Amino acid sequence: MSGPTQCFGPRGVRRGAALTLVFAGVLATAAVTGSLPRGSGKSESFATRSVASTVDRDEVADAAARAVADGKSGKEAAEEVVSRSGDRWGAVYDERQYEEFEQALDGSYTGVGVSAKRSADGQVEVARVQPGSPADRAGIEPGDLLRTIDGHRVDRRPVAEVVALLRGDRTEAAEGSTVVLGVARGDRRRTETLHRARLTTEPVTVRRLGPPRSAATSSSSGAVMIEVDSFTRGSGAKVRDAVRGAPSDAGVLLDLRGNSGGLVTEAVTAASAFLDGGLVATYDVHGEQRALYAEPGGDTERPLVVLVDGGTMSAAELLTGALQDRGRAVTVGSRTFGKGSVQMPSKLPGGSVAELTVGHYRTPAGRSVDERGITPDLTVDSKAEQRAETVLSGLGGGS
């Protein structure tokens with residue numbers, strides 16, 4: 001976004017959605033051959049995104065090859081084909097960008113250390129500040145409102161666009177580049193100039209919620225909140241370990257708000273923490289139907305509430321849909337983003353990488369998520385976390 005009256009197109013949103021653009025290591029061969037691994041009843045690694053239509057990979061590769069043979073940019077030629085295709089989320093990346101995505105698989109990114117969310121009155125609020133980050137050193141705190149970035153108002157922009165600006169994705173900002181934030185805390189407003197840094201995130205955080213007031217004198221252990229910011233490598237196992245380590249009488253509040261997705265493999269592992277096997281999602285690849293299944297042995301008895309919002313995307317929507325359709329959780333919050341397509345990367349002549357749509361996924365009940373999102377069981381515009389705790393308490397989860 002270059003001005004207050006302009007907004008990102010779909011590509012800007014996608015590139016700004018933290019870790020939506022991550023690639024699975026098992027797709028190294030697929031990136032060269034252009035073929036996904038065959039389904040075998042086990043979870044497969046791919047990223048999911050929303051799209052209007054698909055583009056033929058061979059056409060993109062041919063355009064890149066002709067350009068390279070003529071001494072021109074294969075990336076630019078491929079971009080032109082993708083832009084004409086109508087594939088809203090299709091894009092082409094150079095080798096440096098692809099390397100960034102590979103690093104993102106391990107939770108490494110360039111930014112200022114701020115996680116954002118939508119406030120109760122619709123503004124953009126700082127949800128968390130990473131300790132030791134540029135934002136932390138500048139004194140930015142959770143609860144502060146982000147009003148401007150580099151002079152452009154963002155207080156009513158989608159959170160994904162704000163994340164894009166903070167990370168500098170649209171301008172491919174590097175480590176050390178500056179970003180100027182207009183921040184409000186109560187009646188006080190100030191401007192902070194930050195330098196982006198290479199940061200490592202913790203995608204899963206766990207904290208105990210106190211027992212309900214009515215149970216203050218009982219033996220209730222309270223509830224456990226598991227916040228999942230993104231599905232980077234290892235995040236699914238961390239969710240599973242957090243569930244296994246929770247007190248036996250504690251319910252779980254699974255917070256997927258602002259989770260822009262990531263590796264579907266990790267989302268399926270997270271689903272396996274709450275399901276005893278069974279279907280997580282179906283998807284198609286060029287019309288061929290495949291399925292994703294949970295591993296057996298998950299905790300099916302513990303009360304579970306899932307928090308979602310408009311920033312819940314992609315793999316996070318896949319997990320939400322599975323838990324909702326399987327009757328395993330009560331979902332609370334606002335309608336999710338609606339990113340339900342399957343995309344994969346493929347190597348192009350000249351070294352660039354094209355990320356193209358190959359199909360769409362559906363929830364266990366056959367619902368399409370793409371462009372529709374998931375409507376929670378309890379729609380809440382404000383104080384969603386408080387309402388979710390109340391629901392969890394009603395389920396006997398000790399919140």
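Which helix lies across strand 11, strand 12, strand 13, strand 16, strand 17 and strand 20? That is helix 11, residues 384-394, which runs at about 165° to strand 16, where axes are lines fitted to C-alpha atoms, for helices over the stretch in contact, and angles run from 0 to 180 degrees between N-to-C directions, contact meaning heavy atoms within 4.5 Å. Helices (H or I, at least four residues) and strands (E, at least two) are DSSP runs numbered from the N terminus.

Before going on, this is a predicted model, in which local features need pLDDT of at least 70 and side-chain atom pairs count only at pLDDT 80 or more, while totals for chains, interfaces and linings use all residues. Residues are numbered from 1 along each chain as its sequence is written, and side-chain values use heavy atoms, with hydrogens and water left out.

The six strands form an open sheet with mixed pairing, in the order 11-12-13-16-17-20, and two strands pair if DSSP finds at least two bridges between them. Strands 11 and 20 stand at the edges, each with a single partner strand, so one side of each has no neighbour in the sheet.

Turning to charged pairs, a salt bridge is a side-chain nitrogen of Lys or Arg within 4 Å of a carboxyl oxygen of Asp or Glu. Glutamate 385 and arginine 257 form one, at 3.1 Å from N to O; glutamate 385 lies in helix 11 and arginine 257 in the loop between strand 13 and helix 9, so the pair ties together parts 128 residues apart in sequence.
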